[in-house]
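Good morning, colleagues. Please bring up the model on the screen, and I shall take you through its contacts, its sheets and the relation between its chains.

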Number of protein chains: 2
Amino acid sequence: MDKFMQAAMEEAKKGLSEGGIPIGSVLVHKGKIIGQGHNRRVQNGSTILHGEMDALENGGRHSGVFYSECVLYTTLSPCPMCSGAILLYGIPKVIIGENKNFMGEEELLRSRGVNVKVIQDPSCIKMMSDFIETRPKLWNEDIGL
Amino acid sequence: MDKFMQAAMEEAKKGLSEGGIPIGSVLVHKGKIIGQGHNRRVQNGSTILHGEMDALENGGRHSGVFYSECVLYTTLSPCPMCSGAILLYGIPKVIIGENKNFMGEEELLRSRGVNVKVIQDPSCIKMMSDFIETRPKLWNEDIGL
């Protein structure tokens, strides 16, 4: 696992240790992490702070040119909201930890020209499947079920 | 203009009076506003609090069944991020103030079964066109340009 996915994983673990949903993300600009975050549904009572959204929010305000030089790393396949944020800001590349536990809008992203890479990392898969097994109701809420 | 679009418009005006981008939204459940908000890019330095996102966030945590009984009102056609949030939560109906100044992901929403209605309200159109003319750079940032 490369250092950026490792950083996303650390965010996910932080979320889990806070009693939250273990999904983490980092936004990388020219080889440097400029935003990182994790799902905050439980911690903040938030419906919009998925891991990717938290990373984007913590990354601060930027121009489209800046985002066009970014790569977003996330431990889980991005849901419609997070995929929409990727499209809004024109982030050209997304590295995904796994999509075995949840298949997000990867096809939509690809159809709009985003370079989507799924690494199917065993530790990402296990972290999420353990969580879903333990907290199915909370997980369903997070994906709008 | 019906009372819910009026409430979204009031949110947009509040945002403008704060020095922000005038886009407002309300989330309505069975005829009652349960979340309302406006764009907070300037006010909070936020990249994710578009009007619709702010309304969803302020509306609090709910199940998919609850969202399936909701209608989202927004003064402007929803961008990819906000449209993605609508899809994530399965909000079945969206009423849009106008799409003359910005065409969001209406076709994507319709293709996924969302009932999308655009009212082309003259006051929504004027508010946004005046703003874009006055603050083009800020507006471009908000739509990822």
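This is a predicted model: local features need pLDDT of at least 70, side-chain atom pairs count only at pLDDT 80 or more; totals for chains, interfaces and linings use all residues.

A search of the whole structure returns 22 salt bridges over all chains, where a salt bridge is a side-chain nitrogen of Lys or Arg within 4 Å of a carboxyl oxygen of Asp or Glu. Side-chain values use heavy atoms, with hydrogens and water left out, residues are numbered from 1 along each chain as its sequence is written, and chains are lettered from A and ligands numbered from 1 in the order in which they are written.

One of these salt bridges joins the side chains of A:Lys14 and A:Glu11, at 3.6 Å from N to O. Both residues belong to helix α1 (residues 3–17) of chain A and are three residues apart, about one turn of the helix. Helices (H or I, at least four residues) and strands (E, at least two) are DSSP runs, numbered from the N terminus.

Between chain A and chain B, the count is four salt bridges. In one of the salt bridges, A:Glu105 is joined to B:Arg112, with the closest N and O atoms 2.8 Å apart.

Let me turn to the interface as a whole. Here 34 residues of chain A are in contact with 34 residues of chain B, contact meaning heavy atoms within 4.5 Å. The two chains bury about 2700 Å² between them, 57% of it on carbon and sulfur atoms; buried area is the accessible area (1.4 Å probe) that two parts lose on being put together, summed over both. Of the interface residues of chain A, 100% are also interface residues in chain B, so the copies meet through the same surface.

How are the copies related? Chain A is superposed on chain B by a rotation of 180 degrees with 0.0 Å of shift along its axis, at an RMSD of 0.0 Å. The two copies are thus related as by a two-fold rotation axis. The superposition is by least squares on the C-alpha atoms of residues with pLDDT of at least 70 in both.

Next, the fold of chain A. An open sheet of five strands has the order β2-β1-β3-β4-β5, and its pairing is mixed. Its edge strands are β2 and β5 (115–118), each of which pairs on one side only. From one strand to the next, the twist averages 15 degrees. Two strands are said to pair if DSSP finds at least two bridges between them.

Strands β1 (residues 24–29) and β2 (residues 32–38) of chain A run antiparallel and are joined by six bridges. Within this pair, A:Val26 stands opposite A:Gln36 of β2(A). The hairpin has two residues between the strands, and A:Lys30 takes a positive phi near 45 degrees there.

Helix α3 (residues 51–59) of chain A lies across β1, β2 and β3 (70–74) of that chain, at about 130 degrees to β2(A). Axes are lines fitted to C-alpha atoms, for helices over the stretch in contact, and angles run from 0 to 180 degrees between N-to-C directions.

In chain B, β1 (residues 24–29) and β2(B) pair in the antiparallel sense over six bridges, and B:Val28 stands opposite B:Ile33 in β2(B).

I close with the record. UniProt, in an unreviewed entry, lists residues 1–116 of chain A as "domain: CMP/dCMP-type deaminase"; positions follow the numbering used here, feature names are shortened, and annotations may be inferred rather than shown by experiment. Over residues 1–116, chain A is 41% helix and 21% strand, with the end C-alpha atoms 16 Å apart.
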